[in-house]
Amino acid sequence: MRRVKYRAVCGVVFCLSFLVGCAPLAPNVDPPSEYTYIIGPGDSIEMFVWGNPEVSRTVPVRPDGKISAPLVEELPASGKTPFQLARDIEKELTKYIRNPLVTVIVSGFVGPYSEQVRVVGQATKPQAVPYKENMSLLDLMIVVGGVTDYAAGNRASIVRTVNGVKQQLRVRIDDLLEDGDITANVNILPGDVLIIPEAYF
């Protein structure tokens, strides 16, 4: 089953690579200004309620995007900032505690799928990576361990959604990693998908 899935993924990457030759180079767009982390399933939430240690605790964000804690049940957390979630928890706690003051601290840092950066194809360690502020292509390559010996780095592309429209933009990984061409080090945006095809032999 794993072999079939691997072949299916490779087939998709191979087919998409044919389209990359005519794709425009990815522009070095500015990263999001004042980027704020968005909570997602798999994150760990430390809920600290001032003066109420019996209510304070650390809870996971479930796969359905909700959290459950003492006095707080089935509260949606995914898609919110830590500040927004803290205010929502305070609203829930006002039913039981007078003027609750809540601080939310996030760890684990998985984030929602819409914010993750995915790397598929001929990366050494293909994976989904939580977006980090000012992330660049070089930063992403370090996380995934570079590319394999079979990668066609200069035919790699980023699939990016701009104003609801998907765009495929070519990047020059070989020029960046092998030649040290810093002009190839473009910025990565939340939700980008990096596709690294296999070289033709």
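Predicted model: local features only at pLDDT ≥ 70, side-chain atom pairs only at ≥ 80, totals over all residues.
Strands β1 and β2 run antiparallel and are joined by 4 bridges. Within this pair, Ser 44 stands opposite Pro 60 of β2.

**Three-stranded sheet**
- The pair belongs to an open sheet of 3 strands, ordered β2-β1-β5, in which the pairing is antiparallel.
- Because β2 and β5 (102-107) stand at the edges with a single partner strand each, one side of each is left without a neighbour in the sheet.
- From one strand to the next, the twist averages 25 degrees.

**Helix on the sheet**
- Helix α2, residues 82-93, lies across β1 and β5.
- Relative to β5, helix α2 runs at about 135 degrees.

**Loop and surface patch**
- Trp 50 is placed in the loop between β1 (44-49) and β2 (57-60).
- Together with Phe 48 and Leu 101, Trp 50 makes a nonpolar surface patch of about 320 Å².

**Five-stranded sheet**
- Another open sheet has 5 strands in the order β7-β6-β10-β8-β9, and its pairing is mixed.
- The edge strands of this sheet are β7 (127-129) and β9 (165-170), each of which pairs on one side only.
- Strand β6, residues 117-121, pairs with β7 in the antiparallel sense over 3 bridges.
- Val 117 stands opposite Val 129, a residue of β7.

Notes: Residues numbered from 1 in each chain as written. Heavy atoms only, no water. Pairing = 2+ DSSP bridges. Helix = DSSP H or I, 4+ residues; strand = E, 2+ residues; numbered from the N terminus. Patch = residues over 30% accessible without salt bridge, like charges linked within 9 Å, V, L, I, M, F, W, Y side chains within 5 Å. Areas by Shrake-Rupley, 256 points an atom, 1.4 Å probe, with all protein chains shown as cover. Salt bridge = Lys/Arg side-chain N within 4 Å of Asp/Glu carboxyl O. Axes fitted to C-alpha atoms, helices over the stretch in contact; angles between N-to-C directions. Contact = heavy atoms within 4.5 Å.
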